[in-house]
Amino acid sequence: LSLQGACDATLAAIPAVTGADAKKLAEDGAYAIDNPLKKAALLHKAVVQLVKVLPIGTVIKSAGIRDEDLASVDAGRVLGFLLRRVQSRWRYSTIDNARRAWTRLELWLRDEGVQHENGDVDVLTLNEYFLFCHNDSAERSNRAWTSKLQRWDADKAKAAKQGGAVPTKPIRARFGNKGALGQYDGLSFLTDNFGMGMPTAGRRKELPELAGHRAQHMPKPAPPLPLWAIAKIEQYATADSTPPAMRNAAAATLFLVYGCCRAEQAQNMQVYGIAHDCIWGQVNVEKGKTKRPRPFWAALHGFFGRGWWDVLVETLENVSDGGFVFRDYSGDPLSQHAKPDPACLDEEAITPRIRLVLQQACGMSKEEAATYTKHSCRHCLPASAAARGEGFQRQVEVGRWAGGTFDASDLFGDDFLRAKHAMRASDMPIRYTARLRPRRLASIMAQQTAAFRRLLADHGGRVDALPRDPAGYGMLPKYDPVLEGL
């Protein structure tokens with residue numbers, strides 16, 4: 001049974017979805033890269049790469065092949081079976097971590113001269129390997145922290161020389177004490193699901209760690225972006241001098257704010273149109289191992305109108321069906337010469353990009369921008385509704401939490417449901433009452449940004465006069481149920 005040839009042939013057939021090759025193929029019109037295609041291709045590739053490095057005995061055991069049938073089994077069938085089995089159950093990150101963990105262990109065993117078959121090493125050897133991973137991680141963390149302190153000292157000396165503001169001293173939140181944990185998770189995954197012989201069961205508590213070294217702060221919810229920052233981002237997005245990549249990032253950040261949307265969902269959505277002063281469409285919400293569509297509404301008009309939305313549409317030109325909002329660019333995002341890629345921005349790069357927007361648009365330092373995450377955008381409109389004194393049900397609708405009606409199927413727009421609605425003429429009296437809800441929910445979203453504009457008008461249109469602290473939402477005009485509805 002020769003799996004190498006089957007793996008190499010499969011890898012060659014997987015379409016490129018990242019890098020220069022993907023960009024060239026998309027520009028040539030070979031295919032369009034959207035988020036589902038990117039995730040599927042990366043998972044497919046990770047599975048094949050894992051099968052390629054696993055011991056042949058492990059592959060045979062996982063596929064349930066008998067020794068007497070080994071000579072007659074086609075390698076392509078075995079690979080296809082493993083692909084279907086793995087892809088239907090686990091994510092790319094899980095498979096990729098398992099491959100990396102096994103590759104690193106195998107290299108370490110080779111360097112140590114340890115003979116093994118299918119990873120069946122003894123407990124003592126495995127514990128020594130975890131200690132090696134832990135020490136290596138701690139050393140790299142210490143070097144990185146030392147380098148960060150040196151940069152801080154240099155910045156502090158430069159500020160003192162030029163009379164600038166003294167930079168904030170960095171806080172050490174990582175100590176490299178979890179270097180063995182990722183290795184353990186990857187290897188125990190292979191033991192539990194592929195039948196490898198590593199004695200990982202019950203060993204998690206034995207992993208080495210640096211006692212007493214913990215982050216200096218407790219986890220806390222991401223604060224909402226200050227109103228001043230939102231307005232500055234909107235000005236930055238619509239300015240002609242803003243680099244193309246940053247115009248997209250700023251407009252996409254505003255989409256998360258005005259749509260109260262999670263970044264992961266905004267990277268996997270479809271926009272269907274504009275109605276009731278809102279953008280409406282569908283996002284795919286992950287529930288465990290399944291995905292289900294959910295309609296969304298985003299306020300169209302921000303502090304200064306709909307210019308931010310026009311910028312977002314412009315920067316997503318030539319993207320298939322507009323399936324995401326954060327677009328990837330080749331080159332420095334701060335350069336005017338950065339070129340748009342057809343693919344979406346990687347998920348782990350979204351938070352750094354949002355923080356870069358805060359630095360460029362608002363003049364925040366790296367330390368100030370680091371207090372906000374991609375989830376800070378989602379907290380803005382709920383913070384507005386709460387600060388304005390709106391009822392709990394309206395707050396639930398804004399946040400699209402459990403108990404809201406945003407996940408009801410009848411919240412899609414009129415054009416989308418006209419054919420279906422016409423087929424249910426006998427239910428018209430009941431159906432028409434339900435169809436009033438989209439307008440109500442859209443008005444709740446739009447009323448939040450209307451309050452933003454009223455606050456800006458109360459300050460004479462001066463953005464710099466807006467509150468620069470998340471607590472400033474308390475300055476918004478109070479909710480009036482008579483004028484704004486229940």
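## Helix packing and loop residues in a predicted model

Helix α6 (residues 92-112) packs against α8 at an angle of about 100 degrees, and the two axes are 8 Å apart. The two helices, α6 and α8, are therefore roughly perpendicular to each other. On the α6 side the contact is made by Thr94, Ile95, Asn97, Ala98, Ala101, Trp102, Arg104 and Leu105, and on the α8 side by Gly182, Gln183, Asp185, Gly186, Leu187, Phe189 and Leu190. By class, this contact of α6 with α8 holds eight nonpolar, five polar and two charged residues. The model described here is a predicted one.

Helix α8 itself covers residues 179-194. Its 16 residues reach 23 Å from the first C-alpha to the last, close to the 22 Å expected at 1.5 Å a residue. Of these 16 residues, 12 are buried, so α8 is largely enclosed by the rest of the structure. The buried set consists of Gly179, Ala180, Gln183, Tyr184, Gly186, Leu187, Ser188, Phe189, Leu190, Thr191, Asn193 and Phe194. Among them, Gln183, Gly186, Leu187, Phe189 and Leu190 also take part in the contact with α6. Just after α8 comes Gly195, with a positive phi of about 70 degrees.

The chain as a whole gives the setting. The protein chain has 21 helices and five strands. Of its 486 residues, 45% count as buried. Among contacts in the protein chain with a separation of 6 or more, 67% are between residues 24 or more positions apart.

The crossing of α9 and α10 is left-handed. From α9, the residues in contact are Ile230, Ile233, Glu234, Tyr236, Ala237 and Thr238; they meet Met246, Arg247, Ala250, Ala251, Thr253, Leu254, Val257 and Tyr258 of α10. By class, the contact of α9 with α10 is made up of 10 nonpolar, two polar and two charged residues.

Residues from later in the chain also come up to this region. Ile354 lies in helix α13 (residues 350-362) and is buried, with a relative accessible area of 2%. Ile354 and Ala249 are 105 residues apart in sequence, yet their C-alpha atoms are 6.8 Å apart in space. Leaving aside residues up to four places away in sequence, Ile354 touches Thr253, Leu256, Phe326, Lys374 and Cys377. Of these, Thr253 is also one of the α10 residues that meet α9. Glu314, found in helix α12 (residues 307-315), has its C-alpha 8.6 Å from that of Asn248, 66 residues away along the chain. Glu314 counts as partly exposed, at 48% relative accessibility.

The last stop is the loop between β1 (269-275) and β2 (278-287), where His276 is placed. Asp277 lies in the loop between β1 and β2 as well. Most residues other than glycine have a negative phi. His276, although not a glycine, has a positive phi of about 55 degrees, and Asp277, also not a glycine, has a positive phi of about 60 degrees. His276 is partly exposed, with a relative accessible area of 33%. Asp277 is likewise partly exposed, with a relative accessible area of 47%.

Notes: Residues numbered from 1 in each chain as written. Predicted model: local features only at pLDDT ≥ 70, side-chain atom pairs only at ≥ 80, totals over all residues. Heavy atoms only, no water. Left-handed = near helix turned anticlockwise from the far one by under 90°. Helix = DSSP H or I, 4+ residues; strand = E, 2+ residues; numbered from the N terminus. Contact = heavy atoms within 4.5 Å. Nonpolar A, V, L, I, M, F, W, Y, C, P; charged D, E, K, R; others polar. Expected span 1.5 Å × (residues − 1). Buried < 20%, exposed > 50% of the residue type's maximum accessible area, 1.4 Å probe, protein only. Axes fitted to C-alpha atoms, helices over the stretch in contact; angles between N-to-C directions. Parallel < 35°, antiparallel > 145°, perpendicular 65-115°, else oblique.
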